[in-house]
Amino acid sequence: MTQQFKSLVGEIKVSYEPGIRFKSCISKSQDAYEELRPLFNQISYKEQAFMLLLNRANNTLGWVKLSEGGINGTVMDIRIIVQHALLSHATSIILAHNHPSGNRQPSQQDLTITSQIKKGCRLLEINLLDHLIITSDGYTSLADEGRI
């Protein structure tokens, strides 16, 4: 590849950094919560969103920090979510974000974005297994509540 071409076009890379030991299989929301909770280092300060990427056997391939927002919200962009899932060859994903307020109930915005993400993923045969709302004292699973 010529140096001139390199300077005109950005290079896209996929990387994997091993280091965190995951459970071998995510079979329930509690398993996902236990994997995701340590990633939230500012749980009572500002909203963050993460995603677990899973293979067909529901073994964790890895995680991605999707966004970091303010006190009242963070962004979950479906294009970025799907991009990470496709690049990692994930067949299923689990989303999670925190509510700094401590309120574990999903907002209407939470329900709407979850529905949109599920529809977008379905087109590419990626399963949205769950969306967790995490607080400093626990979590709510939209799948356990029948909202996915």
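Is Leu86 in this structure buried, partly exposed or exposed?

What we have here is a predicted model, in which local features need pLDDT of at least 70, side-chain atom pairs count only at pLDDT 80 or more, and totals for chains, interfaces and linings use all residues. Residues are numbered from 1 along each chain as its sequence is written, and side-chain values use heavy atoms, with hydrogens and water left out.

To the question, then. Leu86 counts as partly exposed, at 45% relative accessibility. On the scale used here, buried means under 20% relative accessible area, exposed means over 50%, and partly exposed lies in between, with a 1.4 Å probe and protein chains only. Accessible areas themselves come from the Shrake-Rupley method with a 1.4 Å probe, and for residues only the protein chains shown count as cover.

Leu86 lies in helix 3, residues 78-87. Helices (H or I, at least four residues) and strands (E, at least two) are DSSP runs, numbered from the N terminus. Together with Leu123 and Leu124, Leu86 forms a nonpolar patch on the surface, and the three share about 330 Å² of accessible area. Patches are made of residues with over 30% relative accessible area and no salt bridge; like charges are joined within 9 Å, and nonpolar side chains (Val, Leu, Ile, Met, Phe, Trp, Tyr) within 5 Å. A salt bridge, in turn, is a side-chain nitrogen of Lys or Arg within 4 Å of a carboxyl oxygen of Asp or Glu.

Leu86 and Leu124 are 38 residues apart in sequence, yet 8.7 Å apart in space, C-alpha to C-alpha. If neighbours within four places in sequence are set aside, Leu86 is in contact with Leu124 and Ile126, contact meaning heavy atoms within 4.5 Å.

Five strands form an open sheet in the order 2-1-3-4-5, with mixed pairing; two strands pair if DSSP finds at least two bridges between them. Strand 2 and strand 5 (138-141) are the edge strands, each pairing on one side only. From one strand to the next, the twist averages 20 degrees. Helix 2, residues 29-36, packs on this sheet and touches strand 1, strand 3, strand 4 and strand 5; its direction makes about 60 degrees with that of strand 4. For such angles, axes are lines fitted to C-alpha atoms, for helices over the stretch in contact, and angles run from 0 to 180 degrees between N-to-C directions.

How much of helix 2 is covered? Six of its eight residues are buried, namely Ser29, Asp31, Ala32, Tyr33, Glu35 and Leu36. Their cover includes strand 1, strand 3, strand 4 and strand 5.

Next, strand 1, residues 48-54, where seven of the seven residues are buried. Gln48, Phe50, Leu52 and Leu54 point one way, whereas Ala49, Met51 and Leu53 point the other way. Strand 1 runs antiparallel to strand 2 (residues 60-68), to which seven bridges join it, and Leu54 stands opposite Thr60. Strand 1 also runs antiparallel to strand 3 (residues 92-98), here with six bridges. Across that pairing, Met51 has Leu95 as its bridge partner, and Ala49 stands opposite His97.

Strand 3 is likewise mostly covered, with seven of its seven residues buried. Ser92, Ile94, Ala96 and Asn98 lie on one side, and Ile93, Leu95 and His97 on the other. With strand 4, strand 3 pairs in the parallel sense over seven bridges; there, Ser92 has Asn127 as its bridge partner.

Finally, two points of backbone geometry. Which residue in the turn between strand 1 and strand 2 has a positive phi? Asn58 does, at about 65 degrees, although it is not a glycine; the two strands form a hairpin with five residues between them. Asn58 counts as partly exposed, at 21% relative accessibility.

Glu125 also is not a glycine and has a positive phi, of about 60 degrees. Glu125 sits in the loop between helix 4 (108-123) and strand 4 (127-135). With a relative accessible area of 68%, Glu125 is exposed.
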